[in-house]
Amino acid sequence: MSIAAPAPTTGLVEIHNVHKSYGGVEVLAGIDLTIAPGEVVAILGPSGSGKSTLLRTINHLESVDRGSVTVDGQLIGYELRGGRLHELREKDILRRRTQVGIVFQNFNLFPHLTALENIVEAPLALGRTTRAGARNLAERLLGRVGLSDKADHFPRQLSGGQQQRVAIARALALDPKVLLFDEPTSALDPELVGEVLDVIRALAQSGTTLVIVTHEIGFAREVADRIVFIDAGRILEEGPPSRVLVDPEHPRTREFLAKVL
Ligand code: ADP
Ligand code: MG
């Protein structure tokens, strides 16, 4: 019997008909989203609309109840056997997850490791490189986020903005195909937001594929190729910032923008 192959892909990230419920409540109600290589997508939507859950399904921090996510043609978290999706073993989940970097609102650095060690950890644990190679990479990445002088600082010795820049460098260390940001500046004091947005902006300009959940509408307008507006687990509308943010079609989008702008 032949096994159906995944449909041919055109996007780097392909999210097909993703459903997810918690305790009978549908949090993602059939999400379809295709993201092209190099594209920068900003996801907007009210609190509780499913934005974080959606991001977490892209690297299989959350399983899905229905549908599928592929990155560069590879199913994330699952494999196709006998025409059905089966969840991968933990080891294989971890390996595929390295294709997708994620940066959280609260940085989530290892508190007992220095900035440099935080970045060294994953490439070393995965056997990607030697300790010397990983340190070299970490030093380069710290330079890229403007923190060469903080390599030996522990997270508690860094500002929130600096911690988030380390978290971005750490995510980049595995050379992911796509980088996800879940409200990366929401936990920061206002004066520290800019330095983090500068790093994300530079990534966008360098052609890195980015999916950014943010309430920074001005930033989304500036860096995103596409705005996706989510409400109650559904994509209500999407399009270029110049359209969605200026002349939204859906009343819920208009209502949301009126509140945050
Ligand atoms: P957003 O990021 O847009 O604020 P979330 O994706 O975090 O929304 O959450 C969407 C809904 O799912 C919320 O009602 C939230 O309470 C619920 N939810 C999220 N994670 C869980 C979980 N692990 N268990 C139960 N409910 C959850
Ligand atoms: Mg969230």
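Colleague: Which helix gives the largest share of the shell around ligand 1?

Modeller: In this predicted model, helix H1, residues 51-58, provides that largest share, with three residues. The surroundings of ligand 1 include Lys 51, Ser 52 and Thr 53, and Tyr 22, Val 27, Gly 45, Ser 47, Gly 48, Ser 49 and Gly 50 are also part of them.

Colleague: What makes a residue such as Val 27 count as part of the shell around ligand 1?

Modeller: The criterion is a C-beta atom, placed from the backbone, within 6 Å of the molecule.

Colleague: Why are helices H5 and H6 called roughly parallel?

Modeller: The axes of H5 (residues 160-172) and H6 (residues 190-205) cross at roughly 15° and come within 8 Å. Angles under 35 degrees count as roughly parallel, so H5 is roughly parallel to H6. Their crossing is right-handed.

Colleague: Which residues of H5 and H6 meet?

Modeller: From H5 they are Gly 160, Gly 161, Gln 164, Arg 165 and Ile 168, and from H6 Leu 192, Glu 195, Val 196 and Val 199. This contact has four nonpolar, three polar and two charged residues.

Colleague: Which residues does UniProt list for the ABC transporter domain?

Modeller: The unreviewed UniProt entry lists residues 13-257 under "domain: ABC transporter". Over that range the chain is 36% helix and 28% strand, with the end C-alpha atoms 27 Å apart.

Key:
Residues are numbered from 1 along each chain as its sequence is written. Chains are lettered from A and ligands numbered from 1 in the order in which they are written. This is a predicted model: local features need pLDDT of at least 70, side-chain atom pairs count only at pLDDT 80 or more; totals for chains, interfaces and linings use all residues. Helices (H or I, at least four residues) and strands (E, at least two) are DSSP runs, numbered from the N terminus. UniProt positions are given in the numbering used here, feature names are shortened, and annotations may be inferred rather than shown by experiment. Axes are lines fitted to C-alpha atoms, for helices over the stretch in contact, and angles run from 0 to 180 degrees between N-to-C directions. Angles under 35 degrees count as roughly parallel, over 145 as roughly antiparallel, 65 to 115 as roughly perpendicular and the rest as oblique. A crossing is left-handed if the near helix is turned anticlockwise from the far one by less than a right angle, and right-handed if clockwise. Two residues are in contact if their C-beta atoms, placed from the backbone, lie within 7 Å. Ala, Val, Leu, Ile, Met, Phe, Trp, Tyr, Cys and Pro count as nonpolar, Asp, Glu, Lys and Arg as charged, and the others, Gly among them, as polar.
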